[in-house]
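Welcome, and thanks for taking a look at this model. Have the sequence and the 3D view open side by side as you read on.

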Amino acid sequence: MLIKPGELLAQINSPADLKKFPKEKLVQICDELRQFIIDNVSVYGGHFSASLGVVELTVALHYVLNTPEDQLVWDVGHQAYGHKILTER
């Protein structure tokens with residue numbers, strides 16, 4: 001089953017792509033990222049509560065920091081789902 005990302009999320013393959021959007025679109029990107037995580041975990045399994053809790057933080061960090069040069073450290077791997085999606089990992 002192919003799970004498709006939302007309209008804006010589909011345009012993001014790297015943090016540089018995320019930074020092309022105006023700040024006003026970040027809420028929609030967060031909503032699409034959250035839904036994409038839920039859809040994937042519903043089909044393939046996994047732990048999603050930790051990832052859903054840091055969606056806004058993940059988007060904000062990638063929006064303001066110079067990732068991947070500025071490195072991010074996640075408390076647990078489950079928090080990194082959104083990060084992996086935004087960085088195409």
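## Fold

Helices here are DSSP runs of H or I with at least four residues, and strands are runs of E with at least two; both are numbered from the N terminus. Counted that way, this predicted model holds five helices and zero strands. Following the chain along its sequence, you will read the pattern α-α-α-α-α.

## Overall dimensions

How does the radius of gyration of the protein agree with that of a compact globule? For 89 residues, a compact globule would come out near 12 Å, and the protein has 12 Å, so the two agree.

## Interior and contacts

Of the 89 residues in the protein, 35% are buried, where buried means under 20% relative accessible area.

## Surface

The protein exposes about 5500 Å² in total, and carbon and sulfur atoms supply 55% of that area.

One spot is worth a visit in your viewer: M1, V43 and Y44 make a nonpolar surface patch of about 380 Å². Among these residues, V43 belongs to helix 2, which covers residues 26–44. Is V43 buried, exposed or partly exposed? Its relative accessibility is 39%, so V43 counts as partly exposed, the class between under 20% and over 50%.

Note on methods. Residues are numbered from 1 along each chain as its sequence is written. This is a predicted model: local features need pLDDT of at least 70, side-chain atom pairs count only at pLDDT 80 or more; totals for chains, interfaces and linings use all residues. Side-chain values use heavy atoms; hydrogens and water are left out. Patches are made of residues with over 30% relative accessible area and no salt bridge: like charges are joined within 9 Å, nonpolar side chains (Val, Leu, Ile, Met, Phe, Trp, Tyr) within 5 Å. Accessible areas come from the Shrake-Rupley method with a 1.4 Å probe; for residues, only the protein chains shown count as cover. A salt bridge is a side-chain nitrogen of Lys or Arg within 4 Å of a carboxyl oxygen of Asp or Glu. Buried means under 20% relative accessible area, exposed over 50%, partly exposed in between (1.4 Å probe, protein chains only). The radius of gyration is taken over C-alpha atoms; the globule rule is 2.2 Å times the number of residues to the power 0.38.
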